[in-house]
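Please work through each task before reading its solution.

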Amino acid sequence: MESNGGDASRILREIETLKATKTEIEQRISALEAQLRETNLDDRTGTVLNGSCPPISTVHSDFGHSLSPEMIYRYSRHLLLPSFGVQGQSNLIKSSILVVGAGGLGSPALLYLAACGVGRLGIVDHDVVELNNMHRQIIHREEYIGQPKVKSAAASCLSINSTINIVEHKEALRTSNALDILSQYDIIVDATDNAPSRYLISDCCVVLGKPLVSGAALGMEGQLTVYNYNGGPCYRCLFPTPPPTTACQRCSDSGVLGVVPGIIGCLQALEAIKIASAVGEPLTGRMILFDALSARIRIVKIRGRSLQCEVCGENATFTRQQFQEFDYEKFTQSPLSTLPVTLNLLQADSRISSKEFKEKIAKGEAHVLIDVRPQHHFKIVSLPGSLNIPLPSLEARLSEISATLEDNEKGKYSGSGPQIFVVCRRGNDSQRAVQYLHKVGFTSAKDIIGGLEGWARDVDPDFPAY
Amino acid sequence: MQLTLEFGGGLELLCNSVKIHNVNVEPQDIELQGGTKKLIMKDLLTWIRGNLIKERPEMFMKGDTVRPGVLVLVNDCDWELSGQLNTTLEEKDVVVFISTLHGG
C-alpha cells in the first residue's frame, strides 16, 4: 500500500512537471507563430532576408555578404567548409524547397533541410500521424498522434530552426493543385509512397522546369536519384510504362525497416542541399541503389533524357492543361491515396460479417477457420483455433482442410457438417481463397468480411491491429 | 560464360529469395542469334526465365523483355545505354535486375 501511495505522489509530481512544460511550450509556439507572421510579412515586402531571428532590418553590407551575425554563428560549420562557405550558405538561405510527403523519407529530409537554413520550406501531406508511423517517421512526436502530419512536421522543424519560413500544405497533391503548389518552390523532393504520385510529381516538375529529388524505400532497400535536371532523365524517361499494380508494394503491406527510409531521406536532403547551394555534382543521370541487409550501395549510370519521352522528349508537347487533365490513377491502375484496396469478388451469401462469425462461435457451431495470411503475419497475432494456410500454398494443402473437416465431423456434430470460414488481414485474400475453394468443391466456404481488421473494429477492440 | 546476376527491389522473391546468383551460361545453352557465337541480353533473359525464375514469371518478363518497372544494369550501367536486348555480354559481367520501389 505504501509503495502505491509513493507511486501516486510520484505520478502527480510528474504530471505537474509535464503541465508546466506544456504551458511553456505553448507560450513558445505562440511566440514563434507571431514571429513567423512577421517573417512572412517581411518576405512579401521584400525588406529582410529570409527571416533572421529576431528580424534585423539592415543588411550587413560591411561583411560583403547578406548573412546576419546570428546566421554566421548558427551556420558557422557550413561556412567553415571551403567548398561550401558563405556562397553556399547564402544560396541555401535564398532557396525554397518543397517536400511532398512527411513520412519515412520526408521526416529526416525535412529535419535536415530545416536545420541547414533553407529559406522557405514547404510540406505537403494530407495524412494524420499514427502510432504505427512512429518507428520511422522520426519528425513526429507521440503527442501529435491523430493530428495532421504537416502540423506536426512544421512544429518539429520550427523547434530546430525558428528562423526559416515553413509553409504547411495540408492537402493531397492532385493535378488540380500541383501546378500551383510546386510553382512556388525552386526544388521538389518526392517523399511520397505510391506510383501515381511519383508520375504526377515528375510530370509537374517537367511542366514547370523544376529539379526533382526522388527517393523510395521498401523493406530493406532504397533508391534515389535526381530527375529533370542538367539534361538528366525524368521519371517517365526511365519508366515510360507503369508497372503492374501487383509490383507496387506498400510499406503498410510489405513492411519497412525504419532506418532505411531514414537513410534515403537523408540522402534526399543532401541532394536538395547540393542543388540549392549550387555545390558539388548532383545525382543526375545516376541512381543510388541501397541494400541495407547486405550492406551494399550501388551507384549506377542511368539513361539520359529520352528524346522519345512523352512528357520531356524532343517532340513532347505536354502542357499544363494536359497535365491537369491527366488521370494518374487510371494510368497506374492504383489510387493516389494509400488507402488499402477493398475487393468485392464474392456473392453476398458466400460472405459473413465478423459479428455473425462471432455469433456462430458463441453458439458452438462446428467450423474450420482458415487464416490465409503469410506465416510471419500469423505469428504477429491470430484468432484462436485458426489454421494457417498461406494463400500461395492453399492448393498444395487442400488435404489438410479435408482432414480437419473430417476430424470435426467425427466430433460434436452429426447434423449439418462443419463450415469453412476463411480470414485474412483485411478481407481481400480471403475472398480469393474462397473463390478457389468453391472451384475445387468446398462450396460452403465463406470469407469473413473485413478480415482481422474488421474483427478488431466490430467484435474485439482489444485484438491487436498492425 | 561466368556471369553474376543480381535481383533486387523484390524481384529476388521470384528466385527463392536469393539475390545474387553466380551462374555459368554457355553459348550452347542458348539459341544463338544469327549464328554468331555471342551471348546477348535477349538470350540471357530466356535463360533466366527457364533456369532461375521459380514463380510468377509475369512479374519478371512481359513479352520477350523485362516487365515495365524493372531496371536492367549491365556492369552498373543502364542497358538502354548499351543496346537493351542486344547488349553483348562478356565473361564476368554483372547484370542487375531491380524493380523500382514506390514506398516511403
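**Exercise 1.** Does B:Arg56 count as buried, partly exposed or exposed?

*Solution.* The model is a predicted one. The relative accessibility of B:Arg56 is 40%. Buried requires under 20% and exposed requires over 50%. B:Arg56 therefore counts as partly exposed.

**Exercise 2.** Describe the backbone at B:Arg56 and at B:Asn16, and locate both residues.

*Solution.* Most residues other than glycine have a negative phi. B:Arg56, although not a glycine, has a positive phi of about 40 degrees. Its place is the loop between α1 (41-51) and β4 (61-62) of chain B. B:Asn16 is likewise not a glycine and has a positive phi, of about 55 degrees. B:Asn16 lies in the loop between β1 and β2 (20-24) of chain B. With a relative accessibility of 55%, B:Asn16 counts as exposed.

**Exercise 3.** Classify the ring pair A:Phe323 and A:Tyr328, then the pair B:Phe7 and B:Phe97.

*Solution.* A pair of aromatic rings is described by the distance of the centres and the angle of the planes. Over all chains there are 13 aromatic pairs. For A:Phe323 and A:Tyr328, the centres are 5.9 Å apart and the planes make 55 degrees, a tilted pair. A:Phe323, at 0% relative accessibility, counts as buried, and A:Tyr328, at 3%, also counts as buried. For B:Phe7 and B:Phe97, the values are 5.4 Å centre to centre and 20 degrees between the planes, which is a stacked pair. This pair links distant parts of the chain: B:Phe7 belongs to strand β1 (residues 2-8) of chain B and B:Phe97 to strand β9 (residues 94-99) of chain B, 90 residues apart. Both B:Phe7 and B:Phe97 are buried.

**Exercise 4.** Which rings have A:Arg236 over their face?

*Solution.* A:Arg236 lies over the face of A:Phe331, 4.6 Å from the ring centre. A:Arg236 also lies over the face of A:Phe318, at 6.0 Å from the ring centre. A:Phe318 and A:Phe331 are among the residues that ring pairs link into a cluster, which also includes A:Tyr199, A:Tyr227 and A:Phe323.

**Exercise 5.** Characterise the packing of helices α14 and α18 of chain A.

*Solution.* Helix α14 (residues 354-363) of chain A packs against helix α18 (residues 451-458) of chain A at an angle of about 80 degrees, and their axes are 9 Å apart. That angle makes α14(A) roughly perpendicular to α18(A). By class, the contact comprises 3 nonpolar, 2 polar and 3 charged residues. Among the α14(A) residues that meet α18(A) are A:Phe357 and A:Ile361, while α18(A) contributes A:Gly454, A:Trp455 and A:Asp458.

How values were computed: Residues numbered from 1 in each chain as written. Chains lettered and ligands numbered in written order. Predicted model: local features only at pLDDT ≥ 70, side-chain atom pairs only at ≥ 80, totals over all residues. Heavy atoms only, no water. Axes fitted to C-alpha atoms, helices over the stretch in contact; angles between N-to-C directions. Helix = DSSP H or I, 4+ residues; strand = E, 2+ residues; numbered from the N terminus. Parallel < 35°, antiparallel > 145°, perpendicular 65-115°, else oblique. Contact = heavy atoms within 4.5 Å. Nonpolar A, V, L, I, M, F, W, Y, C, P; charged D, E, K, R; others polar. Phe/Tyr/Trp six-rings, centres within 6.5 Å; stacked < 30°, edge-to-face > 60°. Buried < 20%, exposed > 50% of the residue type's maximum accessible area, 1.4 Å probe, protein only. Lys NZ or Arg CZ within 6 Å of the ring centre and 35° of its normal.
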